[in-house]
Amino acid sequence: KKITLSVIKADVGGFVGHSGVHPELVKKACEELDASPLLIDHHVTYVGDDINLILTHELGCNNEDIRRLARNILSACTEVAKKLKLCGAGQDLLSDAFAGNIKGLGPGVAEMEIEERKSETVIILMADKTGAGAWNLPLYKIFADPFNTTGLIIDPNMHCGFNFEVYDLVEKKKINFAAPEEIYDMLVFIGAPGRFVIKHVYHRGTGEIAAVSSAQPLYRVAGRYVGKDDPVCIVRCQTGYPSLGEVLEAFSHPHLVAGWLRGSHIGPLLPVEVKDAHPVRFDGPPRVIALGFQLAGGKLVGPQDMFADPAFDNARQVALDIADYMRRMGPFEPHRLHLDEMEYTTMPQVMRKLKDRFIDLPEDRETGT
Ligand code: 13P
Ligand code: 13P
Ligand code: MG
Ligand code: MG
Ligand code: MG
């Protein structure tokens with residue numbers, strides 16, 4: 001019997017601003033899920049202003065009924081958000097709540113269909129104020145870096161390595177890389193996480209799924225590439241997979257990710273427990289939560305709030321220090337994102353206004369001073 005674990009998420013309205021999810025939305029989602037006959041189990045959580053539906057069922061990946069259920073629930077939550085006049089009510093679902101975002105409208109999804117092992121440990125990573133490329137570095141560390149994951153060296157069930165499936169979000173292509181042999185080639189691509197994003201990781205011995213992210217291709221709006229942000233990722237742990245600690249260790253040294261305020265800045269990814277998943281400082285910094293579950297016949301035994309561990313306090317301190325450092329740069333790159341990557345820009349308007357004041361420089365080098 002195969003079990004499908006689906007994590008479906010959307011921002012349907014922030015409380016307050018873009019910092020959190022109102023408890024009424026969580027309550028609404030739980031009520032609706034309780035009433036559904038399609039599911040084995042569910043858990044509702046949030047990170048920042050994104051509500052996350054964690055679902056188990058037997059209907060497989062890309063199932064229409066499950067997608068419809070999630071969409072209906074998130075629409076019902078949107079109605080609550082509208083009533084409370086929450087910030088950006090229906091942001092990820094309604095075309096009038098988000099500027100220009102039509103084709104990419106809809107919830108973000110990460111899901112895997114698995115044969116439950118004797119003990120099936122999974123960690124669900126969820127982030128706010130960043131995009132799916134934020135998982136590239138930790139997924140690389142978890143599944144390809146022996147300095148993070150000693151199991152790659154000492155566990156006979158993991159020594160074969162992992163296959164990485166990488167999406168080119170712009171050209172809408174995918175490619176497979178075998179780690180460890182092809183890590184140099186792979187890093188050429190995944191080191192550019194705004195465009196090349198890890199979608200799946202597979203165990204090379206069994207071919208079984210090890211991890212899946214919510215990455216999906218970018219779509220063009222008004223000449224710019226726009227993507228679905230605030231990503232999720234499911235990672236299987238133990239026996240043949242990295243241990244729980246090897247997965248979480250990848251977040252012990254906060255890396256820089258794109259997102260933060262107005263989706264237009266670079267900042268550290270701060271690992272927090274759910275109670276601290278309210279990005280407020282400069283609408284951030286970007287943060288990640290990790291919920292651990294044991295699956296038992298599709299039942300979600302848990303969650304355990306993984307970053308509620310004082311051993312991550314130093315990582316948090318480092319992230320906060322980086323945040324201070326980056327903030328001092330204000331509107332300058334590389335704190336502010338590159339022109340092509342910002343969610344907000346006034347460049348076209350300002351350029352139009354000032355275009356007659358730009359004076360051509362002489363072409364030849366001698367006088368062009
Ligand atoms: P225990 O000895 O506590 O079961 O831990 C086993 C282990 O391998 C931890 O990584
Ligand atoms: P969200 O993508 O989490 O809604 O954040 C938007 C934003 O502009 C924060 O400053
Ligand atoms: Mg929002
Ligand atoms: Mg968000
Ligand atoms: Mg967002």
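Two magnesium ions, ligand 4 and ligand 3, sit 4.4 Å apart, and Asp-49 coordinates both. The model is predicted: local features need pLDDT of at least 70, side-chain atom pairs count only at pLDDT 80 or more, and totals for chains, interfaces and linings use all residues. Residues are numbered from 1 along each chain as its sequence is written, chains are lettered from A and ligands numbered from 1 in the order in which they are written, and side-chain values use heavy atoms, without hydrogens and water.

**Magnesium site**

- Ligand 4 has four protein donors listed by atom: Asp-49 (OD), Asp-50 (OD), Asp-128 (OD) and Asp-230 (OD), at 2.1 to 2.2 Å.
- Donors are N, O and S atoms within 2.8 Å of the metal (3.2 Å for Na, K and Ca); water is not among the atoms, so sites may look incomplete.
- Along the chain, the donors of ligand 4 follow the spacing D-D-x77-D-x101-D.
- Asp-49 lies in the loop between β2 (41-47) and β3 (50-57), and Asp-230 in the loop between β11 (224-226) and β12 (232-237), so the pair ties together parts 181 residues apart in sequence.
- Helices (H or I, at least four residues) and strands (E, at least two) are DSSP runs, numbered from the N terminus.
- Asp-49 is buried at 2% relative accessible area, and Asp-230 is buried at 4%.
- Buried means under 20% relative accessible area, exposed over 50%, partly exposed in between (1.4 Å probe, protein chains only).

- In helix α3 (residues 136-144), 8 of the 9 residues are buried, so the rest of the structure largely encloses it.
- Among the buried residues of α3 are Leu-139, Tyr-140, Lys-141 and Ile-142.
- Asn-148 sits in the loop between α3 and α4 (151-154) and is buried, at 9% relative accessibility.
- The side chain of Asn-148 reaches the backbone oxygen of Lys-141 at 3.5 Å.
- Beyond neighbours within four places in sequence, Asn-148 is in contact (heavy atoms within 4.5 Å) with Lys-141, Ile-142, Glu-246, Glu-249 and Ala-250.

**Second largest pocket**

- The volume of the second largest pocket is about 440 Å³.
- It is lined by 27 residues, and those closest to its centre are Asn-62, Arg-67, Val-109, Glu-111 and Lys-199.
- A pocket is an open set of points on a 1 Å grid over the protein atoms alone, where a 1.4 Å probe fits, with protein on both sides within 12 Å along at least five of seven lines; lining residues have an atom within 4 Å of a point.
- β4 gives the largest share of the lining, 6 residues.

How values were computed. Polar contact = N/O pair within 3.5 Å; in protein donor to acceptor, adjacent residues only side chain to side chain. Points joined across faces, edges and corners; volume = space filled by probe spheres on them.
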